[in-house]
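Dear colleague,

Please find below the sequence and structure for your review. My notes on what was found follow directly after it.

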Amino acid sequence: MSAAGTDGCGAPAGGAAVTAASDPGTQAVVQGHVTQNGPPLSAGYARLLNASGDFVAEVPLGADGGFRFFAAPGTWTLVVLAPGGVRAQHTVQAETGQVTDVEVAV
Amino acid sequence: MSRSEVLVDADWVKSHGSDPGVVLVEVDEDTSAYDLGHIAGAVKIDWKQDLQDPVRRDFVDRAGFEALLSARGIASDDTVVLYGGNNNWFAAYAYWYFKLYGHRNVKLLDGGRKKWELESRELVTEVPRRERTNYTAQEQDSSIRAFRDEVIAAIGTKNLVDVRSPDEFAGRLLAPAHLPQEQAQRGGHIPSARNVPWSKAAQEDGTFRSDDALRSLYGDEAGLDFGRDTIAYCRIGERSAHTWFVLHELLDQPNVKNYDGSWTEYGSLVGVPISIGDAA
C-alpha cells in the first residue's frame with residue numbers, strides 16, 4: 001500500500017482512511033458500502049458528482065464494497081458503476097464535522 | 001497524431017497485446033491493484049517508486065529511466081501500451097513521461113483499467129518474465145514540460161488550463177475529494193487560468209470524448225485560444241497529463257506543456273499572485 005492520499009492524487013480502493021490527521025471534525029466525509037443482492041460488491045466504482053452534476057472524484061470499491069470521500073458541505077450525487085451495466089445513483093448531503101453514511105444496494 | 005495512432009481499445013489489446021514488439025504496462029500510484037489482477041502480459045510501473053527521484057522533487061534522470069525500462073524488458077523501438085486506474089491519470093502521466101524521454105511508439109488503452117473491469121474482461125495475477133533490454137532514452141524534451149518561472153511569465157499571455165475540480169480551482173478544496181483535505185499550501189488558482197476539469201474530457205466509462213466534442217469543450221466553452229501556447233496544470237501533474245494528452249495528442253495542438261510542479265508547487269511559492277473564487 002503506497003501512501004495514497006498525501007503524495008499523489010490516486011484513489012485507493014475503498015477510499016482513504018479517516019485518520020487523526022484527517023479528523024472528521026474538519027472534514028465533510030461521505031462514505032458507505034455497496035451490496036449486490038446481499039453480499040458486498042467489490043468489483044465496481046463509486047463516483048461523486050457536485051450539485052451541478054460535474055465529476056468530482058471516483059474510487060474503486062474496497063473488498064468490503066466500501067467507499068469514502070472527503071467532500072465539502074453541500075449536496076452531492078453518488079453514482080455506483082459495476083460490471084453488467086449496473087448504474088445506481090443517490091443524492092447525499094455532506095456537512096463539515098459529520099460522517100455521512102450511505103448504504104447502496106444494486 | 002491522430003486518435004488511431006495514440007489510442008487502442010480492448011479488442012486491439014486482446015488481438016495484439018502479446019505480439020512481438022508490443023509491451024503492455026500498467027501504471028498506478030498504488031500498485032496493489034496490479035498485484036491483485038492485471039491484463040495478461042502486462043508489466044507494472046509504480047508512479048512514485050519508479051518514476052520519481054527518491055530524494056529531490058523531480059523525475060528519475062535519463063540513466064534512471066534507461067535502467068527502469070531495461071529492467072522491465074522494454075526496448076526503445078517497442079510499442080508501449082499504457083493503462084491504469086483513476087481513469088488513466090497515471091497512465092497518461094506515464095505517456096507524457098515516456099514522450100519526455102523520447103520514446104517513439106506509445107499508446108493508451110482507452111478507458112484504462114476501469115472500462116476493462118466494467119466489461120468483466122480477464123485479469124491475471126501471473127507476472128510476465130521479459131528479457132532484459134539495453135534501453136536508450138533521449139534527453140528530456142523541454143517542449144512539453146513547464147517549470148515555475150515559465151508559468152508565472154505565462155499569466156495573462158498564454159493559455160493556462162487548470163484541470164482540477166471547480167472546488168479546488170475556487171480554493172474550497174485543496175485536493176481531490178477522494179483524499180483528506182490536509183495539505184498546508186494556499187488554495188486557489190493561477191491568475192488568468194481557465195478551469196476545465198480533466199473529467200470533462202472523459203466519459204463515465206473513462207474513454208475520451210470525440211475530437212469534435214473535445215474541440216468544442218476547450219475552444220467554444222472554455223474559450224481557449226488555439227493560436228496561443230498552452231500550459232496545463234493540476235495538483236501534482238497527472239490529471240494535467242491527461243489534459244496534455246487531449247490537447248497535444250488528440251487535438252494536435254503544437255505547443256502544449258504540462259506543469260508537473262502544479263498546485264503543490266505554485267500554491268506554496270512565496271510572493272506569487274493567486275486568484276480565488278469560481279470561474280467567471
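**Confidence in chain A**

Over residues 1-6 of chain A, pLDDT stays under 50, and the model has 13 contacts for this stretch beyond four places in sequence. Please bear in mind throughout that this is a predicted model. Where pLDDT is low, the predicted coordinates should not be read in detail. Chain A as a whole averages a pLDDT of 85, with 86% of the residues scoring at least 70. Within chain A, confidence is highest in strand β5 (residues 74-82), at a mean of 96, and lowest in strand β3 (residues 55-60), at 90.

**The contact between the chains**

Between the two chains, 32 residues of chain A are in contact with 34 residues of chain B. On the side of chain B that touches chain A, at least two residues each are supplied by α5 (85-100), α6 (112-118) and α8 (166-170) of chain B. Helix α5(B) gives the largest share of that side, namely 5 residues. Sorted by class, the side of chain B that touches chain A holds 13 charged, 12 nonpolar and 9 polar residues.

**The nonpolar cores**

The largest nonpolar core has 68 residues, of which B:V25, B:L82, B:A94 and B:Y95 touch the most other members. Helix α5(B) also provides the largest share of this core, with 11 residues. The core lies between domain 1 (3-118) and domain 2 (148-266) of chain B, because both domains give residues to it. As for B:A94, its contacts include B:V27, B:I45 and B:L82, once its neighbours within four places in sequence are left aside. There is also a second, separate core of 33 residues; among its members are A:A71, A:L81, B:L118 and B:L179.

**A sheet in chain B**

Chain B contains an open sheet of 4 strands, in the order β7-β6-β8-β9 and with parallel pairing. Its edge strands, β7 (194-195) and β9 (256-258) of chain B, each pair on one side only. Strand β8 (residues 230-233) of chain B pairs with β9(B) in the parallel sense, over 3 bridges. For B:A232, the bridge partner in β9(B) is B:N258. In general, strands of a sheet pair through backbone hydrogen bonds, either parallel or antiparallel.

With kind regards

Methods. Residues are numbered from 1 along each chain as its sequence is written. Chains are lettered from A and ligands numbered from 1 in the order in which they are written. This is a predicted model: local features need pLDDT of at least 70, side-chain atom pairs count only at pLDDT 80 or more; totals for chains, interfaces and linings use all residues. Two strands pair if DSSP finds at least two bridges between them. Two residues are in contact if their C-beta atoms, placed from the backbone, lie within 7 Å. Ala, Val, Leu, Ile, Met, Phe, Trp, Tyr, Cys and Pro count as nonpolar, Asp, Glu, Lys and Arg as charged, and the others, Gly among them, as polar. pLDDT is the predictor's confidence in each residue, from 0 to 100. A nonpolar core is a set of buried Ala, Val, Leu, Ile, Met, Phe, Trp, Tyr and Cys residues joined through C-beta atoms within 7 Å. A residue is buried if 20 or more other C-beta atoms lie within 10 Å of its own, exposed if 12 or fewer, and partly exposed in between; C-beta atoms are placed from the backbone. Domain bounds come from an automatic or database domain assignment.
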